[in-house]
Every structure is written in structure tokens, then in C-alpha cells.
Amino acid sequence: MRTVLSRSVLGAMLVILLAGASRAPAAPTPGPVGVRVEGASATLIPSTLVATQPGVFSPIADHAHTCSGTSAAEALELASLSHATGWTGTYFAGFGDYLVTSIAGELHPSGPTDGSYWALWYDHRPASTGICSTAMNPNDEVLFFPDCASFAGATCPPGFVSPNVLGMTAPTVAQTGTPVSVGVTTYAAADGAASPAANATVSGGGAAASTTVAGAAALTFTAVGTFILQATAPNSVRSETHTICVHDGNDGNCGTPAPPGTTPPPGTSSPPAPCLHHGDDGLCGTTDRTPPRGHLTIAEGTRFRHGHGPRTLTGRIESDPSGLRDVVLRITRIVTRGRCEAYNASRRKFARTGCGIARAPSFSVGRGLAFSYLLPAALSRGRYTVEVEATDGAGNHDAPAPARNRIVFRVE
């Protein structure tokens with residue numbers, strides 16, 4: 001969809017977007033980059049690594065305009081496809097760039113009197129260029145979040161102040177009952193200047209604490225497990241999440257040594273080898289509640305030249321104690337904006353359908369640990385999503401995981 005806005009409103013909004021203090025490198029190199037989208041009330045796309053590519057592409061199936069394959073637009077496109085979301089925008093010829101209007105269905109602006117817009121930050125600072133013009137190098141990061149400004153008849157809520165952006169550092173391992181230190185930084189809305197974030201709240205895993213004036217918080221966990229931490233503060237964009245593993249001494253969790261073995265039986269000099277398992281994975285007499293894990297061979301974000309698209313889809317399934325009941329594939333293709341197709345294995349061709357991988361019919365490729373499926377012809381131009389789903393003998397289904405068993409790629 002496209003949001004219809006007056007030229008004056010679009011121009012004013014792009015002036016705001018292009019008024020940041022930093023500029024992306026001029027000679028980008030393709031490679032892995034990070035993308036995160038924070039909505040008004042929830043994270044829409046968590047921190048996601050995608051692989052930028054050489055060449056150009058047409059954003060949101062707008063073939064009248066192209067962006068570099070190493071741009072922030074490409075990164076947003078790949079991250080959106082990986083999480084089965086999407087974004088819309090309006091191309092503004094006066095600046096030669098796109099104004100993002102919605103991401104994952106969250107709209108900013110919603111009309112000519114709404115001053116909200118999607119702010120773009122590049123490596124913890126406001127970007128000085130639009131999404132097509134912001135060039136990215138490997139390990140760079142971009143962040144999108146709602147901001148607002150009053151101009152040309154558009155307004156913001158009374159008392160609105162542009163939010164700062166929070167960042168967080170945290171350890172990856174903790175011991176129950178022992179406080180661990182977490183640091184929170186706030187990046188100023190005006191220029192991205194960093195300073196300690198006082199009175200921010202860090203929470204996760206049943207623990208919570210407020211930061212001091214030095215931006216430090218001490219968290220104490222009472223339970224063993226793997227938890228997600230995040231920092232929040234008034235008038236601030238929430239931080240990225242951090243995963244922390246909590247153990248209780250040498251309990252075998254988080255890389256600690258396993259508990260000592262059992263007492264050796266009479267007449268033996270050493271205890272029997274312990275049976276190793278990971279939760280309810282079907283080993284050592286446990287009930288198998290762990291799904292199998294599938295992998296596709298094509299790398300996330302790969303670009304194929306027209307005439308050289310893949311014809312054979314291959315992958316593997318990790319060994320499962322319960323064996324495999326079935327392995328199925330789904331394939332969708334975005335031909336142009338708003339026109340999607342799904343592969344029908346019984347008819348051996350693509351047929352028009354609603355967009356989204358969930359709308360594609362699944363078809364079996366056997367139940368072996370390695371699979372290969374030969375398409376009737378090499379894939380033609382379009383943006384493709386391929387998903388493999390494995391079901392083990394206990395009925396556990398592999399959940400979709402971007403860049404593992406759900407891959408997005410293009411043929412151009």
C-alpha cells in the first residue's frame with residue numbers, strides 16, 4: 001500500500017530525516033549487517049543479521065526506482081522478509097529516496113496532519129541520509145523507530161519530545177544468588193551522543209533493577225535457565241535484548257562441569273558413563289518434546305542472476321532420537337508488488353495466491369536426514385521464500401527460523 005501525502009509534508013519529513021549528524025561510508029562492502037525495528041509499544045523486528053549484496057534492487061516491488069544492495073533499504077527489506085513482515089514507503093523524487101511509511105503494519109504517518117515518521121539511526125546515531133542513500137559495511141547496524149515533528153500542518157501529541165535510544169551491555173552467564181552488573185547507555189536524540197542512562201529499568205528472568213547515575217544496575221537471579229534482558233526508560237527507545245544463561249554452581253548448565261557421577265557398583269573401579277541428554281530430547285529415557293532442526297543449503301539473502309536461478313533445493317535435518325516422520329517444503333514467490341505465487345507440487349508449477357509463506361501448500365520430500373527436490377525449471381525472476389519443516393516420530397514440528405530453515409533469496 002502507499003500512503004498519499006502532500007509534497008510539502010513529504011518534503012518537510014525528509015528534511016527532518018536527512019538532518020542527522022552522521023553519514024554512512026561512501027564505499028560499502030557487501031556482508032552481514034544488523035537490523036532492528038522498535039515500534040511504538042513493542043519490538044517489531046528484533047536484532048537480525050542479514051547479508052547485503054552487490055548490485056541494485058527495487059524496493060517494495062517498485063520497479064521504477066532502485067536502491068543499492070548494500071543500503072539500509074536492502075537491509076530492511078531482507079529483515080522484513082526474514083520475519084514474514086513487510087514495509088511500505090513513498091518515493092520522493094526531490095530527494096531521490098524513499099520515505100518509509102509503515103513497517104510490520106505499524107503506520108507512521110497515518111495522514112497529512114500526523115507528524116509521526118519512521119526515524120532511521122545508523123550505528124547508534126541519527127542517519128544523515130535516507131534508506132537508499134545510507135550505505136552499509138559489514139557489522140554496521142541500523143535501527144528504525146517512531147519519532148515525530150510538527151511541520152506543514154502536521155502535529156505531534158502535546159508535550160512530545162523525541163526519544164533517546166537505549167543501549168545495553170550484559171554478561172552472558174550468571175550464578176544464582178550472585179549479583180551481576182549490567183550497563184545501560186542513552187544516545188541523545190539530537191546527535192547520538194552517548195552518556196550513562198540513569199533510572200532506566202533492566203528486567204528479565206524474574207529479576208529487575210534500576211540503573212544508578214553511572215548507568216549501572218545489579219541483577220540477582222533466583223532460578224536456573226536462559227533469560228532475555230532488556231532496558232527501558234521513560235521517553236526512550238527500548239534497548240536491544242541480551243540473552244543470559246543462569247546456573248547454580250557446577251550443575252552442568254551454561255558450560256559448567258556436570259555434577260559428579262553415581263557411586264561405583266561393588267567390584268568396579270569407576271562409575272558408569274553418565275547418559276547425556278538435553279532436556280526432553282528423547283534420550284536417557286526422557287520424553288521427546290524437542291523438535292527436529294532442519295537446514296536449507298541456500299544462504300539467506302543470496303542473489304541469483306536471471307537464467308541462473310536454482311533448480312534443485314537441498315538441505316539436511318539434524319539427527320533426531322525419535323526418527324523422522326516427514327519433511328515438507330513450501331515455496332512462495334513475490335512477482336511484483338501485491339502479486340504473489342506459491343509452488344504447487346502436484347501441478348508442478350507456481351500458482352497465484354495470497355502473500356505469505358503460510359499460504360503456500362506444503363509437499364513432502366521424504367523422511368531422510370538429507371533431502372533434494374528438483375524443480376521443473378530453474379527459478380525465474382522474483383523474491384522467494386523457501387521453508388522446510390521436519391516432523392519427528394514423536395510428532396514434534398520444527399518451528400520456522402529465519403536463515404536456518406526459512407530462507408529468503410532473489411532471482412534478478
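The largest pocket in this predicted model has a volume of about 680 Å³. Its lining is made up of 28 residues, and those nearest its centre are Leu-81, Thr-85, Gly-86, Ile-334 and Cys-355. What kinds of residues does the lining of the largest pocket hold? They divide into 12 nonpolar, 11 polar and five charged.

A disulfide joins Cys-355 to Cys-340, with 1.8 Å from S to S. Is this disulfide left-handed or right-handed? The torsion about its S-S bond is about 85°, so the disulfide of Cys-340 and Cys-355 is right-handed. Cys-340 sits in strand E25 (residues 339-344), while Cys-355 sits in the loop between strand E26 (349-353) and strand E27 (363-364), so that the pair links distant parts of the chain, 15 residues apart.

E25 runs antiparallel to E26, and five bridges join them. Cys-340 has Thr-353 in E26 as its bridge partner. Between E25 and E26 there are four residues, and the two strands form a hairpin. Look in the turn for Arg-348, which has a positive phi of about 60°.

The disulfide of Cys-340 and Cys-355 belongs to a count of four disulfides. Another one is formed by Cys-67 and Cys-132, whose sulfur atoms are 1.6 Å apart. This pair, too, links distant parts of the chain: Cys-67 is in strand E4 (residues 67-68) and Cys-132 is in the loop between strand E9 (125-126) and E10, 65 residues apart. Both Cys-67 and Cys-132 are buried.

Cys-148 and Cys-156 also form a disulfide, and here the sulfur atoms are 2.1 Å apart. What is the handedness of the Cys-148 and Cys-156 disulfide? With a torsion of about -105° about the S-S bond, the disulfide is left-handed. Cys-148 counts as buried at 8% relative accessibility. Cys-156 has a relative accessible area of 18%, and because buried means under 20%, Cys-156 is buried as well.

Next come the aromatic rings. How many aromatic pairs are there? The count comes to 12 aromatic pairs. In one of them, the rings of Trp-121 and Phe-145 have their centres 5.8 Å apart and their planes at 65°, so this pair is edge-to-face. Trp-121 belongs to strand E8 (residues 116-122) and Phe-145 to strand E10 (residues 141-148), so the pair ties together parts that are 24 residues apart in sequence. Both Trp-121 and Phe-145 are buried.

Tyr-384 and Phe-409 form an aromatic pair that is stacked, with 5.5 Å centre to centre and 15° between the planes. Tyr-384 lies in strand E29 (residues 382-392) and Phe-409 in strand E30 (residues 406-411), and their pair links distant parts of the chain, 25 residues apart. Tyr-384 is buried, with a relative accessible area of 1%, and Phe-409 is buried with a value of 1%. These two rings belong to a cluster in which ring pairs also link Phe-304, Tyr-343, Phe-350, Phe-363 and Tyr-373.

The structure holds two cavities of 30 Å³ or more, and about 40 Å³ of space lies in the second largest cavity. Phe-409 lines this cavity along with Leu-296, Thr-297, Ile-298, Leu-313, Thr-314, Val-386 and Ile-407. Which elements give two or more residues to this lining? They are strand E23 (312-317) and E30. The lining of the second largest cavity divides into six nonpolar residues, two polar and no charged, while the lining of the largest pocket includes five charged residues.

Definitions and conventions. Residues numbered from 1 in each chain as written. Predicted model: local features only at pLDDT ≥ 70, side-chain atom pairs only at ≥ 80, totals over all residues. Heavy atoms only, no water. Phe/Tyr/Trp six-rings, centres within 6.5 Å; stacked < 30°, edge-to-face > 60°. Buried < 20%, exposed > 50% of the residue type's maximum accessible area, 1.4 Å probe, protein only. Disulfide = S-S within 2.5 Å. 1 Å grid on protein atoms, 1.4 Å probe; cavity = no way out; pocket = protein on both sides within 12 Å on 5 of 7 lines; lining within 4 Å. Points joined across faces, edges and corners; volume = space filled by probe spheres on them. Nonpolar A, V, L, I, M, F, W, Y, C, P; charged D, E, K, R; others polar. Pairing = 2+ DSSP bridges.
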